[in-house]
Amino acid sequence: MSPIAEEIYTSVIQTLSPTDRLQLAALILDGLKQNVSVIDISDDWTEPDRSDAIDFSLQYADSLLK
């Protein structure tokens, strides 16, 4: 987390009531919906993605067999 976001969270958001925090989260998410073009939602896996998934799967399988 960036230092600025952490400072805002600690000094402002953490002091809000749970209801106000939920409303703020909803506002933030609604704002992000408008910028959906910035978020890559494709189903395409890059070679590093596939490699990471294979590595994790093999490590997990190894941990189960020990």
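Predicted model: local features only at pLDDT ≥ 70, side-chain atom pairs only at ≥ 80, totals over all residues.

Author: A salt bridge is a side-chain nitrogen of Lys or Arg within 4 Å of a carboxyl oxygen of Asp or Glu. Residues are numbered from 1 along each chain as its sequence is written, and side-chain values use heavy atoms, with hydrogens and water left out.

Reader: What is the mean pLDDT of the protein chain?

Author: Of the residues in the protein chain, 89% reach a pLDDT of 70 or more. The mean for the protein chain is 87.

Reader: In what order do the elements of the protein chain run from the N terminus?

Author: Helices (H or I, at least four residues) and strands (E, at least two) are DSSP runs, numbered from the N terminus. The protein chain has three helices and zero strands. From the N terminus on, it reads α-α-α.

Reader: With which residue does Arg 50 form a salt bridge?

Author: Side chains of opposite charge can pair when their charged atoms come close. The closest N and O atoms are 3.1 Å apart, and the partner is Glu 47.

Reader: How is the aromatic pair of Phe 56 and Tyr 60 classed?

Author: Rings of Phe, Tyr and Trp (its six-membered ring) pair if their centres lie within 6.5 Å; planes under 30 degrees apart count as stacked, over 60 as edge-to-face and the rest as tilted. A search of the whole structure finds one such pair. Phe 56 and Tyr 60 lie 6.3 Å apart, centre to centre, with 15 degrees between the planes, and the pair is stacked.

Reader: Is Phe 56 buried or exposed?

Author: Buried means under 20% relative accessible area, exposed over 50%, and partly exposed in between (1.4 Å probe, protein chains only). Tyr 60, at 48%, counts as partly exposed. Because the relative accessible area of Phe 56 is 56%, Phe 56 is exposed.

Reader: Which residues does Leu 16 touch, not counting those up to four places away in sequence?

Author: Leu 16 lies in the loop between α1 and α2. Its relative accessibility is 29%, and therefore Leu 16 counts as partly exposed. By the contact rule (heavy atoms within 4.5 Å), Leu 16 touches Arg 21 and Leu 24.

Conventions. pLDDT = per-residue confidence, 0-100.
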